[in-house]
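Work through these exercises with the structure open beside you. Try each task before you read its solution.

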Amino acid sequence: MKIRIDLPQDEIPTEWYNILPDLPEELPPPMDPTGKAFELLKKVLPSKVLELEFSKERYIKIPEEILDRYLQVGRPTPIIRAKKLEEYLGNSVKIFLKMESYTYTGSHKINSALAHVYYATLDNAKFVTTETGAGQWGSAVALASALFKIKAHIFMVRTSYFAKPYRKYMMQMYGAEVHPSPSDLTDFGRELLSRDPNHPGSLGIAISEAVKYAEEHGGKYVVGSVVNSDIMFKTIAGMEAMKQMEIAGEDPDYIIGVVGGGSNYAALAYPFLGEELRKGKIRRKYIASGSLEVPKMTKGVYKYDYPDTAKLLPMLKMYTIGSDFVPPPVYAGGLRYHAVAPTLSLLMSKGIVEARDYSQEESFKWARLFSEIEGYIPAPETSHALPIIKEIADEAKKSGEKKTILVSFSGHGLLDLGNYASVLFKE
Ligand SMILES: *Cc1c(COP(=O)(O)O)cnc(C)c1O
């Protein structure tokens with residue numbers, strides 16, 4: 001039996017998948033009552049990204065330049081069979097992990113960062129900007145910018161900038177300029193700093209600064225999750241996984257993963273789900289999980305809301321707990337987002353994708369157990385998928401039917417050990 005299922009580099013998929021044409025109904029369009037948000041997006045987004053956002057093509061050819069960088073940063077990623085965890089759970093399930101943690105920045109985020117940054121260079125942008133909280137997205141954009149030889153300005157939430165220096169060093173190793181936000185580079189940032197020189201910052205403030213700085217100085221702004229184009233770029237993971245599961249001779253009964261804005265889960269699940277939506281018959285179970293402390297999926301409302309706290313961007317119809325929601329300082333930074341991607345929200349509202357939320361305490365205990373059993377340390381975000389595996393295994397044991405689970409293993413936790421320590425190793 002094989003533990004590791006590799007896809008040879010010359011068999012890397014050459015197309016991204018777009019779920020829009022296969023959705024059970026039309027996606028509710030973005031809403032922009034003043035028209036100002038669309039104007040702003042036209043100015044600051046790479047033009048090709050804006051075009052692809054509304055594309056109805058099912059498959060989009062991946063430009064050679066991006067494929068080339070995918071191969072450079074560790075794609076195709078392997079699928080690993082978690083055999084020891086299977087044994088621990090009583091051999092009632094087969095567990096296949098799609099290891100997005102094997103990319104150079106340690107998570108799935110590089111998959112879309114490369115595309116956004118490449119398209120920015122096609123517009124002859126002077127530089128790219130983005131925001132980052134815990135730093136995973138910022139480090140992916142920093143690497144993508146290094147590989148496409150364009151300057152990156154990363155606005156990092158001030159508290160993280162000082163409390164979590166390692167992601168910052170990583171971005172600096174890639175040549176990015178990292179600014180604590182609020183910064184003195186925008187009017188908004190300067191105003192906040194004049195009121196409080198130690199302003200802690202927030203993702204919303206960092207987004208506003210990144211957008212404004214791009215708008216005012218000839219840069220392009222890079223969006224990290226939630227929107228259709230970003231999910232499409234990340235489907236390279238799911239496209240690979242379809243080939244790998246075929247190589248393994250397995251068809252998953254369950255496809256699971258965690259949701260921050262939703263792109264990680266959607267990227268793995270959509271190519272599989274699209275196949276079933278076209279057939280009109282859905283056999284597999286699709287389960288996405290999130291943080292109980294930020295329960296947009298299980299306690300949120302499906303309605304139009306702003307994707308950003310600063311309310312600069314068009315409103316989207318999605319499950320949300322409100323763009324003003326201030327998440328508790330949970331350590332799975334990537335799960336703190338207040339809403340769920342519009343396509344994933346639509347699928348949840350139809351009962352096609354099921355949602356479950358787990359507490360940080362429970363997820364982190366699973367992370368430690370998983371580390372001991374499998375020998376691999378998951379990202380705090382990724383650990384929130386582990387309780388689903390346990391629940392499926394228990395059900396399978398009861399029914400006596402062995403089930404196959406495919407998991408999006410979104411990242412490793414080697415830069416997040418301090419986060420685990422704060423919860424698990426309190427003295
Ligand atoms: C950002 C992040 C997530 C959440 O990703 P979304 O695409 O926003 O849902 C999950 N896991 C890891 C390791 C992350 O860095």
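Predicted model: local features only at pLDDT ≥ 70, side-chain atom pairs only at ≥ 80, totals over all residues.

**Exercise 1.** Into which domains is the protein divided? Describe how they meet.

*Solution.* 

Step 1. Domain 1 is 4–9 + 71–106 + 234–424, and domain 2 is 110–223.

Step 2. Locate the centres. Taken over C-alpha atoms, the centres of domain 1 and domain 2 are 26 Å apart.

Step 3. Look at the contacts. On the domain 1 side 19 residues take part, and they meet 19 residues of domain 2.

Step 4. Turn to area. The two domains bury about 1,500 Å² between them, and 65% of it is on carbon and sulfur atoms. In domain 1, the residues that lose the most area to domain 2 are T105, K234 and L415. Together they give 36% of what that side buries.

Step 5. Search for polar links. Between domain 1 and domain 2, three residue pairs are in polar contact. The interface also has one salt bridge.

**Exercise 2.** How far apart are the closest N and O atoms in the salt bridge of R167 with D416?

*Solution.* 

Step 1. Take the closest N and O atoms of R167 and D416. They are 3.8 Å apart.

Step 2. Compare with the cut-off. A salt bridge needs a side-chain nitrogen of Lys or Arg within 4 Å of a carboxyl oxygen of Asp or Glu. R167 and D416 form one.

**Exercise 3.** Is I154 buried or exposed? Describe its surroundings.

*Solution.* 

Step 1. Find the element. I154 belongs to strand β7 (residues 151–157).

Step 2. Read the accessibility. I154 has a relative accessible area of 0%, so I154 is buried.

Step 3. Name contacts beyond four places in sequence. Among them are T130, T132, V141, M171 and H179.

Step 4. Compare sequence with space. I154 and A125 are 29 residues apart along the chain, and their C-alpha atoms are separated by 15 Å.

Notes:
Residues numbered from 1 in each chain as written. Heavy atoms only, no water. Domains from an automatic or database assignment. Contact = heavy atoms within 4.5 Å. Buried area = accessible area lost by both parts, 1.4 Å probe. Polar contact = N/O pair within 3.5 Å; in protein donor to acceptor, adjacent residues only side chain to side chain. Helix = DSSP H or I, 4+ residues; strand = E, 2+ residues; numbered from the N terminus. Buried < 20%, exposed > 50% of the residue type's maximum accessible area, 1.4 Å probe, protein only.
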